[in-house]
Amino acid sequence: MEIRIENLTKAYGDFRAVDGMNLTICDGELVGLLGPSGCGKSTTLFMLAGLTEPTDGKIFFGDKDVTKIPPEEREIGLVFQNYALYPHMTVEENIMFPLINRKVNKKEAKERAYEMAKLVHLEGLMDRKPKALSGGQQQRVAIARALVKKPKVLLLDEPLSNLDAKLRIETREEIRRIQQEVGITTIFVTHDQEEAMSISDKIAVMDKGVVQQYEVPQSMYLEPENLFVAQFLGMPEINTFSAVVKDGAIYCGQVKLREISGLSDGTYTAGIRPESFEVREDGFAVEAAHVRMTGRDLLIYFTLDKEPLRVLAHSDLQIEKGGAFKLGVRQNQIMLFDADGSMIGKY
Amino acid sequence: MNEKKIKSSLGTILKYVVLIVGALFTLLPFVWMISSSLKSATEIVRVPPSLFPEEIQVVNYAKAWAAAPFGRYLINTVIITVFTTIGVLITTVLSAFAFSRLNFPGKKLVFSLFLATLMIPGEMLIITNFITITKLKWIDTYQAMIVPWLSNVFYIYLLTQFFMQVPETLYLAAKVDKCSDFKYMIKIMVPMNKSPITTIAILNIIGSWNSFLWPLLVTNSDEMRVLSNGLIRFQTEAGSSYELIMAASCILVMPIIIIYLFLRKYVIEGVAQSGIKG
Amino acid sequence: MEKKSLKGYLYLLPALIIILVFTIYPLIKAVLMSFYEGYSIINGSFDAIGLGNYKELFSDKVFRKALTNTSIYVVFVVPCSILLSLLIAVLLNSKIRCKGMFQTLFFLPYVTSVIAIGIVWSWIFNSNYGLLNYVLSWFGIEAVPWLNSPDYALMALIIFSIWKSMAFDILIFLAGLQTISPDLYNAARVDATPKWRVFLKITVPGISPMIAYAFIMGMINAFKVYNEVFSLFKSSAGPANSAITVVYYIYDKFYNSADYGVASAAAVVLFVIILALTMIQRAVSDKKTA
């Protein structure tokens, strides 16, 4: 089922939680809505579910305008952040609940519940109450309950945020597997970029109620359309500083970073990802202000003509606080943004 | 060190002494009631009184039971208690659900109005309510003793608090699952809040069972009297047959004590709520 | 989130009807009736509107006696019950065996029919064969006519009431004590604080909202005492009305004397007093939580 969002707006008084949003999600895709808290991603999800009424705009499921259709008739499955399992019912009863409400006869409901349990690997836990399950298992019950009525769209609100780090990686793979197996159009909300990038077909990054960019994860990371996306994606965060272009070169303060052509002189915002620096003999000389060992990498803090910057180097580099070394920037890795924050190009 | 040890064990002994004396003071009337109810007519007026009966006279209970229509009183009390409690549970669940989950114009105002009625002493309402019941020609009927007590604002307040603690997402999930409001209330809210609902049921059972003034006002005939009214009447009629009066008192007190002993957790929690939320 | 609709009122309707008919309407009606002079409940007619009922009420010696009795009652019952209950609650909250059993036991009076247990107390107070006078005789005290003499009737009522009200006070004090964080006690122990200081500086402030609550509730209940009187004094207000209370007065005026106007005036006075006490209680508890 293709989903089309047109000019979707939700206003609370003067505050616009979602502001003129447009988005098309292709059939069978897994899309992550990513953004900081308060960016409007959950509001969007709840409008897709029909639990929040939009102030303006339309939502289409396929060719059908569902904007005014109540949640129970939208053919959606919804998984809540806290799973919202009914604590007094067993796993089986929880999964059967949506079917019983739809007057499916008991025998068939039970069969379908067990089918779902098999899909999410919950066989053998059907008689337990939610309290007796781990967080990951509860999550899978919630997914099974959402899918059992064979919805056309699956919506997940921060599905992994209540799990611990290890379980989170396991569960997100599980979500991807289930989604692929069922082939259902799925939208999930998250504030965790790694989570979004690792399983999504496409990511929509949101800020201030507006979709900043809608792209496949890799292109989004490599080709951010604007400064917000560039800054939001990437850990550690991208280095940004104000750069000057003159005489056919980019300067950071007095240090010449790269010779270029075809760009008018002036001041720009430059962005260089910490991993885009490389240690090399013909580079500019800097001094390590701090060195942080993270395991796989070394994060080295330094200043380039008073501009505080960070570089991510391989952990086998031998350097200590105060040590001098030389750096260059890898080809095509200096991003320049104009005054509005739009990307001009990579140099 | 040694001195400290003695001091602390003396403290422990003192602690238990105070508690036991307090407990005896609390228990005394109960013990005295049971003991007196089993004494013979001569033993009960003997000076000095004996703590325990020389010869246990269970027959006192049969005598008391026969001396006044206690069977009838008991049936009346049970009928009133059962119907009032069922009714209160229905109105309380419905109202608490409306206040905690539904959105309707004037909700805050109505809720404040409900809470404000908590400040009205029920005792001041008996005059008008008595007139109302008289005008409805309900004097000497069960409904006179049941209907005015079918709603209790404190219980509504208590249950609303519990209903509000149920996460909103459960409601939204149920909505997506095509569950109507009424079905959600019956299938999710009520089973999830069994414990406070049980508390309310028990507090109401105790209250109805022990009620005295209102049933006294709205009944005239012996057939409609409840146990507490019957007992007061019996107190005057039985004169100095204290062994029979004590036996009759036991009949009134014991059912509630048994319920309380089995379900004390709910009773104690319910009453403690009133203090903490005050 | 959800749209407003009138459906909520459908759910509220049963409770709302009962409250309107049996709480709100009688409240308004009682206030009105208290101003009607010569009111007839048969056809609802009255001679005049005025303060006649109130004048009569306050010049009635019996009503003044009821107010005086309530004051004496408050002065004795409330502090005694609170102090004794506090002692027992603190002991119950310390490390002791059979805590649950003690707690169950101390709460017993709260659930018991006041009528039945009042009759038991009247037997205990019996001047000839009563247990109390027998115990007093050990100390050489002659038989006290507890229930038959106006001098002792109120005291009997007070003893019974302390016994009765301790159950509630102990329960809420214990609930309050359990809300005090054990960290505070541990910190005090680390600082080698003496026990009496711990009690005054941690325990008492910790449950002061409960004490205030118990105090006000005790006062409110004092004005509502009725069943106790009825059962102790065999359906009377004690010898020569010596143990009359406000609610007993209201009951007697409208039920026995059919004097609806004066009864309503007394009910309104009761309402105003209780309203004032409730306001004070709210203000105190708001200040504590703020």
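Predicted model: local features only at pLDDT ≥ 70, side-chain atom pairs only at ≥ 80, totals over all residues.

Visitor: How many helices and strands does the secondary structure of chain A have?

Guide: Helices (H or I, at least four residues) and strands (E, at least two) are DSSP runs, numbered from the N terminus. Chain A has eight helices and 21 strands. Its C-alpha atoms fill a box of roughly 75 × 45 × 35 Å along the principal axes. Of its 347 residues, 39% are buried, a residue being buried if 20 or more other C-beta atoms, placed from the backbone, lie within 10 Å of its own, exposed if 12 or fewer, and partly exposed in between.

Visitor: What is the strand order of the open sheet in chain A?

Guide: Two strands pair if DSSP finds at least two bridges between them. In chain A, six strands form an open sheet in the order β6-β7-β8-β3-β9-β10, with mixed pairing. β6 (76-79) and β10 (210-215) of chain A stand at the edges with a single partner strand each, so one side of each has no neighbour in the sheet. Direction ignored, neighbouring strands of this sheet are turned by 15° against each other on average. Inside the sheet, β7 (residues 153-157) and β8 (residues 185-190) of chain A run parallel and are joined by five bridges; A:Leu156 has A:Phe188 in β8(A) as its bridge partner.

Visitor: Which helix lies across β6 and β7 of chain A?

Guide: Axes are lines fitted to C-alpha atoms, for helices over the stretch in contact, and angles run from 0 to 180 degrees between N-to-C directions. Residues are in contact if their C-beta atoms, placed from the backbone, lie within 7 Å. Helix α4 (residues 135-147) of chain A lies across these two strands, at about 165° to β6(A).

Visitor: Why is helix α9 of chain B described as largely enclosed?

Guide: Seven of the nine residues of α9 (residues 168-176) of chain B are buried, so the rest of the structure largely encloses this helix. Among them are B:Leu170, B:Tyr171 and B:Lys175. The buried residues of α9(B) pack against α1 (41-49) and β6 of chain A, and also against α4 (70-101) and α10 (181-192) of chain B. After α9(B) comes B:Lys178, with a positive phi near 65°.

Visitor: How many residues does each of chains B and C give to the contact?

Guide: Chain C gives 78 residues and chain B gives 71. On the chain C side, helix α1 (residues 7-35) has the largest share, with 16 residues.

Visitor: At what angle do α13 of chain B and α5 of chain C cross?

Guide: Two packed helices are described by the angle and the distance between their axes. Here, α13 (residues 227-237) of chain B and α5 (residues 114-124) of chain C cross at roughly 20°, and their axes come within 9 Å. α13(B) and α5(C) are therefore roughly parallel; angles under 35 degrees count as roughly parallel, over 145 as roughly antiparallel, 65 to 115 as roughly perpendicular and the rest as oblique. B:Ser228, B:Leu231, B:Ile232 and B:Gln235 meet C:Ile115, C:Ala116 and C:Ile119 there.

Definitions and conventions
Residues numbered from 1 in each chain as written. Chains lettered and ligands numbered in written order.
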